[in-house]
Structures are given as structure tokens and as C-alpha cells.
Amino acid sequence: MTGGAGTGKSFLLKKFIATHSELNILVTAPTGVAAKNIDGATLHKTFRLPLGIISKEIDGNGLLENEKYRKKLLKYADIIVIDEISMCRADIFAYIADLILEQYSQGHRLQVVLCGDFFQLPPVISSSEKESFSYVFPENKNGWPFLTAQWKELGIKTVDLKEIVRQKDKQFSEALNEIRKGNIQGVKFLNNNYCKEEIENSVCICGTNSQATSINESRLDLIESQAVTYDIKKEGDVKESDISCEEHLTLKVGARVIILVNDRTGDLYQNGSYATVTALKDNSINVILDNSYSDIEIPINTWEIYGYSYDEITEKIKKTVIGKYQQIPVRLGWAVTVHKSQGSTFSSVNINSKRFWVPGQLYVALSRCRTIERMHLSHPLSEQDIMVFTDVMKYFSNS
């Protein structure tokens, strides 16, 4: 299941999972943040995968250690869901797909549901992994799962969602869709209609962590009130990639923040809501919400990290809590990286439009905002800014 940003992929996926709750479903994603968004587990935790390149061709990586467990897990599974499939690296996908295909050969036809948009953020291959990855996948340097032999063997059918529900302006939606697919026709509309002045109290979407951190820290330093730092508390199996908040969060009264969770007691705020800090307490903060001007208290939040196990007697798969962490659920809100913005919707944004270098980054940033009138670009867009991976274009033209 694919489609542009704001077409309701996550909404539909959650409905599908809820509708089939009586079945054994493995709900997974490549990253901790993506897994948290669908109340699932990362692929690494679900399948107990080692770190590094996942391949039987590489000796000493510990891959075979938990293979018996993985085969049993899939034996009892009815459905496996992988969200944000565009960020799932080819080696991980190919290995898991081989295990699924082995189940097929034994007569067990579990359903595979993949969700995501290959025109958005690609898989991450670190500089230390590139040499090994090129050895295993010499003709797939970007790590796309759809370029693996296993993608074809699974016989995956593509459903493409067309209607954009995030942006109500049809011209804006059409321009974003042109840019998504590398067509420069959308550039003229955006350049003629974006907000020419920087929008006060709006988040700046940046290409790198260092850019976002620099903006947030410099703006926080301008506030003269006392700083308070909240440190994360961890319990159980919690890795850095699982964490969707700040490990050390420094705030001041007057700081701009983005809220990272939905309101548990009502509907006052959602993940992505903006606010200004009014009070700092031991286990909570008070903020004034932008959308309602209400002064409310936000308590420490507990995030649970899930893994899966199976019961051979009942042949049931269990989702279990394997770790927890606690923190004030906000992040400084003057700037955010494009990776952390994925999946969010903002009422207004400032975009440093010359600081993206990977295809898909600019499109993700542009498509976060509900309206063109509340989107500021640091520079008008040029044809050179509109980048799409050739492999992705070729795949979708043939599918």
C-alpha cells in the first residue's frame, strides 16, 4: 500500500490491523519511531536480528543464532505488517522474505502487508556498512527492497492511494504530487504562492540533526529564565534507536515546544501540537497551546517498547513489553529534522529549502504543511532542487 504524503496510509493500516485483531499479526517497522506510530515492534526486535548487514554470506555476524525462533514465529503468524517499507533496507527485507517464502514452500500462506512511499525517505546505509553492503548487493547501492529477487518471488501487488486528505487545496495537492514524482511543473505554483516572510513561532524543518540542534539551542539561549533539564529514565531493553523523545531535555519558561504524544485524558492536543512553556515542575510542565490558548499540564509520559514471542501450546503470538522509558513528552519546537517530521502534520512551517541533498527529503518537508499560505521557503525552488531516485521512478513506471 503506497501513496503520497497525506493520503491516509497510516489511518488505513491501523484500521486493517484493528479489523484483524483476532489473528496472529506481527506489526513491524524498520525504525523505533515508525514502530511506535503503529504500536508495533522494530524488525530487529521482532526477529531478534543482529546489528550490521544481514546476510548469510558474511561470517561471524551471529545471524544464525536465532533462526529457529524466527521460523517458529512465522509458522504461527497469520499476517506480517511492515510499515515505512521505503526505509527497510534490502538485506533485512531479503532475509525476512526468504523465511516467509520457506513458510510458503511448507504450505503456510501467511499474508504480507507492506506500507510506505518510496518517493519519501530511503533506507539508511551507514558509511561503515557501505563496503559490506555493496559486496552483498552490488547492483542495489541505495538498498531498495523492491530491487531484491525476493520482492518478485513474493508476488507483491501494489495499491496506490490517490486522494490527498492532509491538504484541502487541490492546486497545492497537485503541485506536491508533481514534485513527489520529480516533475518540475509543481515548482511554479509553490514559488508563486508560498509565504515570503518567515512565520513567527513556526517550526523550521532541517536536513540534519546539527542544523536543528543549532537553531533550537541558540533560540533557547536567548531566553533569560532558569533552565531545567529532564533526564530520561529507562527500564529493560531500550536502545537509542527505540527512543522517540530527547534523552536529556533542557527547557525554560518561554521555550517553544512540539508535543510528542496525544492527550490521554481528552482531545486538547495531539502528537505535533505546538505550545509555549509556562511552568517547569519536577514531573510535569505547563504549556499554553497554540490552537486553544489553554494553559494545561503535561505529565511525564511512559513509552513501552514491544517484542514478540510465541506459545507452542496455544500456537498464539504474544506482543510483550520488553522495555520502557519515561520523559516529558515534548521537544524544543523551533526546529526539527526532516526524518523526525515524517508522519507529522503542521499548521505552519519554515523550510530551509536549499539544505536538502537526498531525493525525497524536500518532498517530505513540503508535504508536512496543511496550506501553502502558511509555508515559508528560505529560497524559491529551482529545477535542480526536485530530485527523485531513478530506481524508484523506473519501478513505479513498470508497476
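Q: Which residues line the second largest cavity?
A: The model is predicted, with local features taken at pLDDT of at least 70, side-chain atom pairs only at pLDDT 80 or more, and totals for chains, interfaces and linings from all residues. Residues are numbered from 1 along each chain as its sequence is written, and side-chain values use heavy atoms, leaving out hydrogens and water. A cavity is a set of points on a 1 Å grid over the protein atoms alone where a 1.4 Å probe fits but cannot get out, and lining residues have an atom within 4 Å of a point. By that rule the lining comprises Phe 119, Ile 179, Arg 180, Val 358, Pro 359, Gly 360, Leu 362, Tyr 363, Asp 385, Ile 386, Met 387 and Val 388.

Q: Which elements give two or more residues to the lining of the second largest cavity?
A: Elements are DSSP runs numbered from the N terminus, helices (H or I) having at least four residues and strands (E) at least two. On this basis the contributors are α8 (170-180) and α12 (361-366).

Q: Which residue meets the side chain of Arg 180 in a salt bridge?
A: A salt bridge places a side-chain nitrogen of Lys or Arg within 4 Å of a carboxyl oxygen of Asp or Glu. For Arg 180 the N to O distance is 2.9 Å, and the partner is Asp 117.

Q: How many residues apart in sequence are the parts that Asp 237 and Lys 45 tie together?
A: The side chains of Asp 237 and Lys 45 meet in a salt bridge at 3.9 Å, N to O. Asp 237 lies in the loop between β9 (233-236) and β10 (248-251), and Lys 45 in helix α3 (residues 43-47), so the separation is 192 residues.

Methods: 1 Å grid on protein atoms, 1.4 Å probe; cavity = no way out; pocket = protein on both sides within 12 Å on 5 of 7 lines; lining within 4 Å.
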